[in-house]
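Please look over the sequence and the model before reading on.

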Amino acid sequence: MKKIFLVTLLAGLLMKGYSQINVLEGKYTTFDNKIVDVYQIVGKYVVLNIGKSVITAEQLNDKITLEKILQRSDDLYAFYKDNLGFEPPGGNPLFGNKANIFWGTAGGGGGLGLVGAKGIEISGFYNIFYNLKYNLNVNRDVIIGYEFGRNFFTFSNKVLFPFDPNKDEKNGGFAEGFANILYLYAFDKIMVNPSQRELNETLLNIRWHLQRFRGYINDDSCTPHNTIAKWEKIGTLDPNRGQDGWNESDPAYTGTAILTGIIETFGKDNLFPKFFTILKDRPSVNTIEDALSNIAYSASFALNKNLLPFFKNVLKFKLNSNTESEIGALPPCESKLIRDESTLWFLSPFEEITLNLKSTNYLTDNCVYQIYIDGVKYSSNTDGKNQLKYSILGKENEKKITCQLLKNGSLIDSYDVLLKKRHNFNLFDFRKEFYAYYLSNAKTKSFFQADKLIMDGLEKDSLCESFIFYNLVFSRDREYKIEGAIRNVSNTYKLGDPLVNGFPTSGLSEFGFYGPIRNGGSNQRIGYDIGKGDTISYYKTYSGVNSNQYIPSDNRKYFMNRIFVKGVGYGQKTELQNFYFYDVTDTDNDGFVDFEDNCPTEPGKYQGCPQIQTSNNQLFNDGFTFYPNPTNDKLRISSAGEGVVLIHDLMGRLLIGKEIDNTYQEIDVSKFISGTYILQFTSKDRNQTAKFIKN
């Protein structure tokens with residue numbers, strides 16, 4: 001850890017202050033001992049040190065915006081101070097040991113914070129200035145909060161895993177975890193204006209970390225040892241509950257995800273600041289179990305509840321015996337379901353969705369987990385484990401299911417989940433998943449207005465750029481298409497004016513697919529030269545890709561990419577509407593895309609299915625009969641002997657198994673999706689199969 005050494009010399013010239021701030025001139029000594037001329041602004045908790053090379057005269061005179069930067073920095077520091085219950089040592093001795101924030105060329109690239117002591121060095125002043133000047137919904141200033149997290153991280157000997165780099169072991173990721181969760185919750189508290197929260201990438205990070213936590217607890221094979229102590233599980237493992245970090249070696253689940261899940265399950269206000277004050281007094285660790293025990297102990301005693309079932313059975317923490325005994329003596333925790341994603345997608349008709357229901361007292365509360373679909377019980381068990389089949393949807397594009405927790409026959413908790421085909425849906429129905437990229441959009445206000453996405457450049461005579469993203473996990477061997485109606489309004493281009501992205505235009509807009517493998521290699525670029533006050537029609541266009549072009553290697557089944565919308569130009573304004581996503585994969589090449597094909601693996605013309613011989617009464621050998629074929633709801637069966645009837649889909653998945661005797665029986669297939677199915681009759685002396693069609 002670098003040693004703090006700061007020398008600040010006041011030049012003696014006090015510039016006249018405007019608004020509520022005074023701007024001083026002085027010098028700042030960087031972490032690597034370079035002396036830089038700076039402007040200094042002193043706040044309640046921080047001292048801004050703005051390198052003279054990174055601020056213009058116009059910005060320096062904008063005291064209102066400088067005051068916003070000071071207020072934001074003070075607010076971020078105050079959140080750490082209030083929610084951790086302490087302040088790190090160090091700081092600026094000439095200004096009451098307040099925390100230094102230096103803007104210039106940061107020693108660590110984008111930013112650098114002294115671990116366990118006050119002081120950060122960051123870049124990005126230009127974007128931060130305009131983000132706050134216009135009260136935008138992008139936060140280039142996340143770097144301030146993140147590096148403060150480094151300053152306040154005094155828990156390294158309490159939670160970091162002992163590790164050997166020669167064995168590809170990791171320290172658990174909890175240093176990054178604490179920095180991440182605290183700056184995210186700080187912004188969640190500070191940014192109260194709805195226009196600043198819409199499309200806000202910073203705030204969405206809480207949801208993304210929670211999504212990874214849900215992936216971790218949904219996968220019974222995951223433990224802290226194979227996910228955050230060693231990165232044996234990498235990339236997106238669960239397309240509904242995970243993300244890639246865009247590197248082939250990025251872990252599937254992280255310390256940040258684990259901490260976010262704990263906080264969201266039991267409530268930030270219930271845990272902060274007790275969790276941290278307790279953690280500070282915990283013993284130093286010698287093993288992974290010690291580190292996990294410190295986290296479990298601190299959360300349990302902050303709530304004064306026995307959280308052993310949660311930490312041992314849900315998070316799969318291995319704890320030391322002393323910690324188990326101490327936590328076990330606390331009052332029991334209330335049983336409640338741990339919420340899953342509100343929407344779970346079928347990425348193709350050939351995949352199932354894992355839905356493992358779990359409660360805060362999982363496997364110790366004698367509870368029953370149930371799923372209801374259309375008012376009918378789909379499953380009921382004591383371990384909550386479920387595999388949801390695509391056939392659940394029947395002929396529908398989506399279906400709501402209800403997840404329940406029962407004890408002694410009484411309902412004690414429930415929540416709903418929407419199951420949905422990932423095909424032919426309006427992307428703006430999920431507008432809360434869109435975000436303005438934090439390293440772009442310096443002077444652009446982006447927002448939804450009714451059914452439109454609008455990206456409005458705020459300085460009409462300067463170049464304004466906007467990037468909006470929507471995260472999309474790609475599945476191998478799929479064909480994707482997005483379609484939308486877009487327009488760009490910008491200043492009139494005149495010969496000799498600066499080019500935009502190399503084009504002779506004053507502004508252009510585009511949308512498409514974007515990922516690290518192709519780096520936006522497939523998109524639709526549309527340029528317009530539009531005079532002020534003119535109006536134009538929307539231009540309908542599309543972008544299509546093969547998913548394999550965006551997945552890095554053959555052993556990766558899933559990989560996260562993005563759908564992007566971009567606008568750039570002088571005085572530009574981009575509008576987008578009717579924005580739809582399609583999966584246009586046609587596996588059997590019969591002209592019907594898989595999600596609209598009743599037989600996606602078998603070519604045919606009958607709603608994507610081959611024509612088969614049908615009759616009102618189809619007779620097997622030895623008196624086994626079934627009818628009608630095709631059927632809408634029930635398959636009627638009679639047999640001259642005992643046996644078993646099995647129904648499979650064309651992918652070979654067993655849907656129904658039923659014993660029959662020599663009596664007439666009915667099998668309800670009304671909830672099957674339309675298509676062709678295999679009917680198999682098995683007895684001690686024969687095995688026969690036939691196909692039938694569900695209309």
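Is Glu341 buried or exposed? At 3% relative accessibility, Glu341 counts as buried, where buried means under 20% relative accessible area, exposed over 50% and partly exposed in between, with a 1.4 Å probe and protein chains only. The model is predicted, so local features need pLDDT of at least 70 and side-chain atom pairs count only at pLDDT 80 or more, while totals for chains, interfaces and linings use all residues. Residues are numbered from 1 along each chain as its sequence is written, and side-chain values use heavy atoms, with hydrogens and water left out.

**Salt bridges of Glu341 and Arg207**
- A search of the whole structure finds 33 salt bridges, each defined as a side-chain nitrogen of Lys or Arg within 4 Å of a carboxyl oxygen of Asp or Glu.
- In one of them Glu341 pairs with Arg207, with the closest N and O atoms 2.8 Å apart.
- Because Glu341 lies in the loop between helix H15 (321–328) and strand E7 (343–346) and Arg207 in helix H8 (residues 201–218), the pair ties together parts that are 134 residues apart in sequence; helices (H or I, at least four residues) and strands (E, at least two) are DSSP runs, numbered from the N terminus.
- Arg207, at 26% relative accessibility, counts as partly exposed.

**Salt bridge of Arg241 and Asp340**
- The side chains of Arg241 and Asp340 form a salt bridge at 3.0 Å, N to O, and both Arg241 and Asp340 are buried.

**Salt bridge of Asp374 and Lys399**
- Asp374 and Lys399 also meet in a salt bridge (3.0 Å, N to O), in which Asp374 is partly exposed at 43% relative accessibility, whereas Lys399 is buried at 7%.
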